[in-house]
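Student: I'm new to this one. Could you show me how to read a few of its features?

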Amino acid sequence: HQMIDLHTHTLFSDGELLPSELVYRAKVNGYSAICLADHADISIMDFTIPRIVRVAKQLTLYYRILVLPGAELTFNPPEILKSAVRSARKLGAKIVVVHGETTAEPVPPGTNRAGILAGADVLAHPGKITPGDAKLAADKNTCLEITARAFHSKTNGYVYSIAKRFGAKLVFNTDTHSPENLIDGKGVRKILKIAGIPYKEFLTMQQNASDIISSIV
């Protein structure tokens, strides 16, 4: 089981681990690619992203696991998401994740739509995403996230069904914050089973993640 995970956090935001430790633990866990996508808004991204970019190159080389520098734009006002995505990419983020309208947190209304229109690669835990926004995600090629993260994962079944209905692509991410969040095959099956998602869909999600990587590497 080779995991591709496009959404993890280090201690540059609210994760517990240094980039080096997170990446090595992921490698030992059998991951083939990992994106370091720390929480960001316009106040912090010019600090975190260049540092992640620098270490990602080193870790890819020496730990022989593909490490992608990214950012999760979190609680940014929807009106500025487009310029925030642009800034993150300019600073070197290869994968831009937008923190979607999870039912577990009071995210500004309109964030899902703004994130898709801003050109995010992944809309994380999009909660009760509307049919219109799911269709927009399909049109704009923004992947919707099925998440292993507690609280956010409660809407996985809903996100899966609406994505299937409107042809939106899905990716499976862990949203790792601490070592025990790094997942193995058994963990994946458990998350999918709770949401009523067939395991074969996980392979499609991993292929979708692989396609995103192919387009940037």
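Student: Which residues does proline 126 touch, leaving out those up to four places away in sequence?

Tutor: Keep in mind that we're looking at a predicted model. For contacts, look for heavy atoms within 4.5 Å. Here proline 126 touches Gly100, Glu101, Thr102, Asn112, Leu144, Glu145 and Val159. You'll find proline 126 in the loop between β6 (122-124) and α5 (131-140).

Student: Is proline 126 buried or exposed?

Tutor: Buried means under 20% relative accessible area. Proline 126 has 1%, so it's buried.

Student: Okay, helices next. Which residues of α8 are buried?

Tutor: Glu201, Phe202, Met205, Gln206, Asn208, Ala209, Ile212 and Ile213. Look down the axis of α8 and they fall within an arc of 150 degrees, so they line one face of the helix. On the other side of α8, Lys200, Ser214 and Ser215 are exposed.

Student: And how far does α8 reach from its first C-alpha to its last?

Tutor: It spans residues 200-216 and reaches 25 Å, close to the 24 Å expected at 1.5 Å a residue.

Student: What about pockets?

Tutor: Rolling a probe the size of a water molecule over the atoms shows where empty space is left. In this model, the largest pocket holds about 250 Å³ of space. It's lined by 13 residues, with Ala148, Glu180, Asn181, Ile183 and Ile191 nearest its centre.

Student: Which classes do the residues of that lining divide into?

Tutor: The lining of the largest pocket has six nonpolar, three polar and four charged residues.

Methods. Residues are numbered from 1 along each chain as its sequence is written. This is a predicted model: local features need pLDDT of at least 70, side-chain atom pairs count only at pLDDT 80 or more; totals for chains, interfaces and linings use all residues. Side-chain values use heavy atoms; hydrogens and water are left out. Helices (H or I, at least four residues) and strands (E, at least two) are DSSP runs, numbered from the N terminus. The expected span of a helix is 1.5 Å times one less than its number of residues. Buried means under 20% relative accessible area, exposed over 50%, partly exposed in between (1.4 Å probe, protein chains only). The arc is that of the directions from the helix axis to the C-beta atoms. On a 1 Å grid over the protein atoms alone, a cavity is a set of points where a 1.4 Å probe fits but cannot get out, and a pocket is an open set with protein on both sides within 12 Å along at least five of seven lines; lining residues have an atom within 4 Å of a point. Grid points are joined across faces, edges and corners, and a volume is the space filled by probe spheres set on the points. Ala, Val, Leu, Ile, Met, Phe, Trp, Tyr, Cys and Pro count as nonpolar, Asp, Glu, Lys and Arg as charged, and the others, Gly among them, as polar.
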